[in-house]
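Please have a look at the sequence and the structure on the screen before I start.

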Amino acid sequence: MASKSEITARRIQELRELIVHHNHRYYDLDQPEITDAQYDAFVDELNRLEEEYPQLAKEESVSAHIGGTPSPVMGIVSFSPPVLSLNNAHNLDELQEFYIRVRQATQESSPDFTCELKIDGLSVVIRYQRGRLVQAATRGDGLHGEDVTANVERIRTIPITLNRPVTMEIRGEVYMPRSAFIALNARREREGQAVFANPRNAAAGSLRQLDPEITASRELSAFFYQIRHVDNQDSDLSQITTQYQTLEFFRELGLPVEKHFRHTEALEDIVRYVEEWEHQRHRLDYDTDGLVIKLNDLTKQAFLGETQKAPRWAVAYKFPPEEVMTEVVDIEISVGRTGVLTPTAILKPVRVAGTTVSRASLHNEDILREKDVRIGDSVFIRKAGEIIPEVVRVEKTLRPDNTTPFMFPVQCPACGSAVIRLPEEAAHRCTGGMACSQQLRESLIHFGSRDAMDIQGLGEKTVDLLLEARFVNRVDDIYRMKEQDLLTLPRFGSLSAVKLVQSIEGSKAQSLNRLIFALGMRFVGQRAALVLAERFHTMESLEQASYEDLVNIPDIGARIAGSVMTFLSQPLNQEVIRNLKDLGVNMTYLESKVPAGDRQKVLTGQSIVLTGTFQTIPRKNLEQWLAELGGKVVSSVSSRTDLVIVGEKPGSKLKKAQGINVPVVLEQEFFERMAKLGLSPPVV
């Protein structure tokens, strides 16, 4: 039997690996898998065990590591002094302990503090030279960050020129307003792109783009709160002696400052601030994951100093995740564009994180079964990232005696067609196709989306109006719409009717690849649609293709080939395609302006090394694609290596590349570069 020391050693190692993994997910990938509270619990447990068993502690604990690894692709900025994190207080007792420590260290009976809201975004350091923005960087690992100057210059709320010609280095937080986050996710969902989990991830992903135009389109904002370094000759800055004055001075300079900061002189005042904002924060248009309490006097801050990770003069009070109990009134099934049936819990309305929640997705049958959610159950609800409602767990001690497990329907609730679940899938699907009213709705929205036929004005609300008026029963009916038809619909004036009709008419000229994608064949995304269009050139040739013709195309596998054959063999789909042709929709592939042969030479002569696990396509397929682009994939890094592409959990090759200054690019960034050249990875 293992000794207590051996069990503790294994737990310490497990915690170290968990913390490193989740640091990487949060800071490097902007894809956290757990909540902040769960992460903090791991760090607190590790600190406690290392303190209790010092013989098992490392010289430098992983809990002292700050942030993520900066990407060399964006350029590296060094920090001196380091950009620190904050220690956390998770309850009022821990907050009181911090207050007492500061009071004892300063030998003051009642030290004064500045209390601020803690914005949940991405930390940035900006340097102004005589009032002009000259450099901006992410926090990175605290010692080195990523140069994001060009991107920060495109954030409207961050001034390029200050109201006074001061020279200083300041720190702030870039965030995405909730309203902008909701709009961005809605747009990405319409366009068939992956949605962001929460505003913090969206802000981080938007700021770390290689293309500043993408950052500019994302409606980011920022707040500033700290002067890190000043020019000693600047008389304006020498007059600032407190944190409160710092924030007021920032506002005078034209820098955005979160306006709800407060000066406090007693622990009771701090507690009142905490209690006030634990509830009022939900009224804001930006996420706050806590409060920051800072010793107000800057000289005393310097006297208290900092640890390796965090200042001793400040603490972050973290709000607990809000969970609320309510009742499951019903479980409703919705049908998506591809026929997927999604169960949704209909809830007795309840306030969660500042808004009323009455629905929460249960995703699929497996998750519904795992949580065992039943009609009549009492369940705990929270918002993932304080945005998306989710069922956390069932309170089974309150379960009524007459509840029964929810049974997935064998017939589609929208059209009555048979529902199937293929062995390799988690989803149930309706077999009704466009004869299903729900699939028709989603198909119409998809057909007119930006990456498909790009019909501006044909959004969800317009589609609902058209369906309600029975103006459309299939996608080809879109091209039969007349201006006078639209004028009979609610909220449609002459101008909006003319614009929609013009956009519909203009979409007829789209290339064949967009039409193939717009038709919504299962498994056929934008890349597969382009491959099919390039191979067959016309819709007629595609319709005449055999399964063998399709499956033998390098980028089209058996799954896509089978889906295309099934779609094109159905009489309804054949009729829709004939009608689209008769209505003037282009059925020919419009060749790319860049010859395919030239595009294939983009990596000719380059020696490329891969490291880590790749998410976009399997490594084998990536290696084959790089070879097709002219590159040579080699196994080891040397001075002759031209590029290292980095996936998740990279190995020693990354460190070696950085040590000998070999160019390094993250997986996502590499594919974005290729996309700008009109190149997409093979479909698998």
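This is a predicted model: local features need pLDDT of at least 70, side-chain atom pairs count only at pLDDT 80 or more; totals for chains, interfaces and linings use all residues.

Let me begin with the antiparallel sheet, which is open and is formed by 4 strands in the order β5-β4-β7-β8. At its edges stand β5, residues 132-138, and β8, residues 221-230, and because each of them has a single partner strand, one side of each is left without a neighbour in the sheet. From one strand to the next, the twist averages 25 degrees. If you look at β4, residues 122-129, you will see that it pairs with β7, residues 168-175, in the antiparallel sense over 7 bridges, and within this pair Leu-122 stands opposite Val-174 in β7.

Which strands does helix α6 touch as it packs on this sheet? Helix α6, residues 199-207, touches β4, β5 and β7, and its direction makes about 45 degrees with that of β4. Helix α9, residues 243-253, lies across β7 and β8 and runs at about 115 degrees to β8.

Now to the lysine, Lys-294, which lies in strand β10, residues 288-295. Is Lys-294 buried or exposed? Its relative accessible area is 7%, and since buried means under 20%, Lys-294 counts as buried. Leaving aside its neighbours within four places in sequence, Lys-294 is in contact with several residues, among them Asp-112, Glu-116, Tyr-225, Gln-243 and Trp-313.

Let me turn to the parallel sheet, an open sheet of 4 strands in the order β20-β19-β21-β22. Its edge strands are β20, residues 632-634, and β22, residues 664-666, each of which pairs on one side only. The twist here averages 30 degrees from one strand to the next. Strand β19, residues 607-611, pairs with strand β21, residues 643-646, in the parallel sense over 4 bridges, and Ile-608 stands opposite Leu-643 in β21.

Two helices go with this sheet as well. Helix α24, residues 619-628, lies across β19, β20 and β21 and runs at about 170 degrees to β19, whereas helix α25, residues 652-659, lies across β19, β21 and β22, at about 135 degrees to β19.

Conventions
Residues are numbered from 1 along each chain as its sequence is written. Side-chain values use heavy atoms; hydrogens and water are left out. Two strands pair if DSSP finds at least two bridges between them. Axes are lines fitted to C-alpha atoms, for helices over the stretch in contact, and angles run from 0 to 180 degrees between N-to-C directions. Contact means heavy atoms within 4.5 Å. Buried means under 20% relative accessible area, exposed over 50%, partly exposed in between (1.4 Å probe, protein chains only).
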